Amino acid sequence: MISCRAAGTSHRRPKVCRLQAESVQPRYYLDTSAQIERRCGPDAARSALKALLQAGGHTTSTQVLREWNSITLGACTKLLNVLRDATSRKDVHAKMRAAYGGDVGRNWMITEWLMGDDNDLRAVEMRTRRFLRVDAHVAFHDGIDTVRDGTECQVARRGPTHDRITGTWDHDKRCRKTEDICSQHAFFDEHLDRAKAAAQALETSTRKPDREMGKRATDILERMPTNDSKGKACWGAGGLGGDISIALECAVDETMVATDASFDLICPAIDVQHRRPG
């Protein structure tokens, strides 16, 4: 269930001494990179994240859920489409690698997670269908008690679709300029100074992708009230990207957990505590 609590608001928990609660159970705020890597990342990252998050009671956001669904549900729907014609495990791997950019690595990561060492493609199909129905939701919410929804993202609420006529599966991961399905503009208007500070910090990076993200973010934030920025607030090579949105919803008494290097710049710029395990 998605909670619509804003960052920093109170939660319904027994009244205890804050200092005592924090010393016993640190509260972490998970980015998409931490959510993915605690399930199918390198051994060192998975072990570090498991130890760090074992107490539970942590937080995340619908922007993270949107990205999680884009990666996991997107790969699963493609896998189900591939399995319709695949004749062997090698055939599945070859077809799942047929993608562009970062989709190749993400498809491969999720495919390996679901297939394991199984060569029975029928069993893999059943497992993938269950993942779409149940397991993706369970894995995302494991150890999480609050999913913040400051942007009221409706894309995060979309599930997979199945065309019964063609038999194909799909997951629509994008929003469009003609849709009015979030409060992203109002969210950034409320946090505009901090968002600009994060964008400027990214522009100082030694990493080209960070600098490009920072330049795009600065440009979009300057014209956020105008309609031409709708549909670009979250996604795509021409968009602002989700990292800044995600970081802005981390509360003051939490530590953000992310393995993505962009947060090494974003978090200090907006006074958010940050930890990169692994």
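A contact here means heavy atoms within 4.5 Å, and that is the sense of "touches" and "covers" in the points below.

1. **Ground rules.** This is a predicted model, in which local features need pLDDT of at least 70, side-chain atom pairs count only at pLDDT 80 or more, and totals for chains, interfaces and linings use all residues. Residues are numbered from 1 along each chain as its sequence is written, and side-chain values use heavy atoms, with hydrogens and water left out.

2. **Phe188 and the core.** Leaving aside residues up to four places away in sequence, Phe188 touches Ala195, Leu221, Met224, Leu240, Ile244, Ser245 and Leu248. Phe188 is also listed, with Val92, Leu240, Ile244, Met256 and Ile266, as having the most contacts inside the largest nonpolar core, a set of 65 residues. Such a core is made of buried Ala, Val, Leu, Ile, Met, Phe, Trp, Tyr and Cys residues joined through side-chain atoms within 4.5 Å. Helix 4 (residues 62–83) gives this core its largest share, eleven residues.

3. **The chain overall.** You will find twelve helices and seven strands in the protein chain; these are DSSP runs (helices H or I, at least four residues; strands E, at least two), numbered from the N terminus. Of the 278 residues, 45% are buried, where buried means under 20% relative accessible area, exposed over 50%, and partly exposed in between (1.4 Å probe, protein chains only). Among contacts between residues at least 6 apart in sequence, 68% join residues at least 24 apart.

4. **Helix 3.** Ala45, Leu49, Leu52 and Leu53 are the buried residues of helix 3 (residues 43–53). They fall within an arc of 80° seen down the axis, so they line one face of the helix; the arc is taken from the directions from the helix axis to the C-beta atoms. The face turned away from that buried side carries exposed Asp43, Ala44 and Lys50. Cover for the buried residues includes helix 2 (32–40) and strand 6 (255–257).

5. **Helix 9.** The twelve residues of helix 9 (residues 192–203) should span 16 Å at 1.5 Å a residue, and its end C-alpha atoms are 17 Å apart, which agrees; the expected span is 1.5 Å times one less than the number of residues. Buried here are Ala195, Ala198, Ala199, Ala201 and Leu202. These cover an arc of only 160° around the axis, which puts them on the same side of helix 9. Among the elements covering them are helix 8 (184–190) and helix 10 (208–222).

6. **Cysteines.** The structure holds zero disulfides, a disulfide being a pair of cysteine sulfur atoms within 2.5 Å. Cys76 counts as buried at 0% relative accessibility, and Cys175 is buried at 12%.
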